[in-house]
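Please read these numbered points with the sequence and the model side by side.

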Amino acid sequence: MPQAKKGDTVRVHYHGKLTNGTTFDSSEGRDPLEFQVGSGQVIKGFDDAVTDMEVGDKKTVTIPVAEAYGERSEDMMMEYPLAEFPADINPQPGMELHMSDDRGNVFPVVIAEVKEESVVLDGNHPLAGKDLIFEIELVSIA
């Protein structure tokens with residue numbers, strides 16, 4: 001039976017959990033996730049876990065921070081003047097927003113703190129700094 005290798009397009013069902021057991025994502029009730037192995041479409045640890053699996057194989061893997069979304073970075077924390085927020089937005093901690101850089105790239109941020117004259121925005125990926133556990137089932141290889 002063929003094994004998944006770099007360049008193959010695969011379809012997998014998955015269940016992603018944090019080390020405390022909390023689910024952060026799952027393909028349950030949806031179509032399987034489709035991606036090209038080794039293309040960078042998924043995190044490195046997930047890519048590596050699927051490599052060499054055969055159709056029908058199931059496995060559970062723990063993906064360390066370095067092979068997931070990396071460590072949290074203080075460089076991704078920024079202060080933004082409260083006066084520059086649109087009038088229709090009432091900033092609250094935990095609120096998710098989208099910002100764009102000077103090249104037009106859009107990226108998500110979360111309000112970490114609201115100060116008297118500014119808002120602290122966190123541009124880290126929500127799963128940065130966390131080890132991840134995935135239950136993976138390889139559905140097909142193309």
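1. Both F46 and F134 are buried, where buried stands for under 20% relative accessible area, exposed for over 50%, and partly exposed for what lies in between, all with a 1.4 Å probe and protein chains only. The model is a predicted one, in which local features need pLDDT of at least 70 and side-chain atom pairs count only at pLDDT 80 or more, while totals for chains, interfaces and linings use all residues. Residues are numbered from 1 along each chain as its sequence is written, and side-chain values use heavy atoms, with hydrogens and water left out.

2. How many aromatic pairs does a search of the whole structure find? The search finds six, a pair being two rings of Phe, Tyr or Trp (its six-membered ring) with centres within 6.5 Å, called stacked when the planes are under 30 degrees apart, edge-to-face when they are over 60, and tilted for the rest. F46 and F134 form an edge-to-face pair, with 4.9 Å from centre to centre and 80 degrees between the planes. This pair links distant parts of the chain, since F46 belongs to helix α1 and F134 to strand β9, 88 residues apart; helices (H or I, at least four residues) and strands (E, at least two) are DSSP runs, numbered from the N terminus. Y14, F24, F35, F46 and F134 form one aromatic cluster.

3. The largest nonpolar core has 21 residues, and V10, V12, F35, F46, V50, F134 and I136 touch the most other members. A nonpolar core is a set of buried Ala, Val, Leu, Ile, Met, Phe, Trp, Tyr and Cys residues joined through side-chain atoms within 4.5 Å. At least two residues of this core come from each of β1 (9-18), α1 (44-50), β4 (58-63) and β9 (132-141). Apart from this core lies another, of seven residues, including F85, L97, M99 and V109. In soluble globular proteins, nonpolar side chains tend to be buried together.

4. Which residues does F46 contact, leaving aside its neighbours within four places in sequence? F46 is in contact with V12, Y14, L33, F35, I63, F134 and I136, contact meaning heavy atoms within 4.5 Å.

5. L97 sits in strand β6 (residues 96-100) and counts as buried because its relative accessibility is 16%. Not counting residues up to four places away in sequence, L97 touches F85, I89, F107, P108, V109, I111 and L121.

6. The largest pocket has a volume of about 240 Å³ and is lined by 13 residues, of which P108, V110, N124, H125 and P126 lie nearest its centre. On a 1 Å grid over the protein atoms alone, a pocket is an open set of points where a 1.4 Å probe fits, with protein on both sides within 12 Å along at least five of seven lines, and lining residues have an atom within 4 Å of a point. Strand β7 (residues 106-114) gives the largest share of this lining, four residues. The lining divides into six nonpolar, four polar and three charged residues.

7. The second largest pocket has a volume of about 210 Å³, and its lining includes Y14, F24, L33, F46 and F134. This lining divides into nine nonpolar, one polar and one charged residue.

8. V65 is found in the loop between β4 and β5, and V65 counts as buried because its relative accessible area is 10%. Leaving aside neighbours within four places in sequence, V65 is in contact with G70, E71, G129, K130 and D131.

9. M1 lies in the segment before β1 and counts as exposed because its relative accessibility is 69%. Not counting residues up to four places away in sequence, M1 touches E54 and V55.

How values were computed. Grid points are joined across faces, edges and corners, and a volume is the space filled by probe spheres set on the points. Ala, Val, Leu, Ile, Met, Phe, Trp, Tyr, Cys and Pro count as nonpolar, Asp, Glu, Lys and Arg as charged, and the others, Gly among them, as polar.
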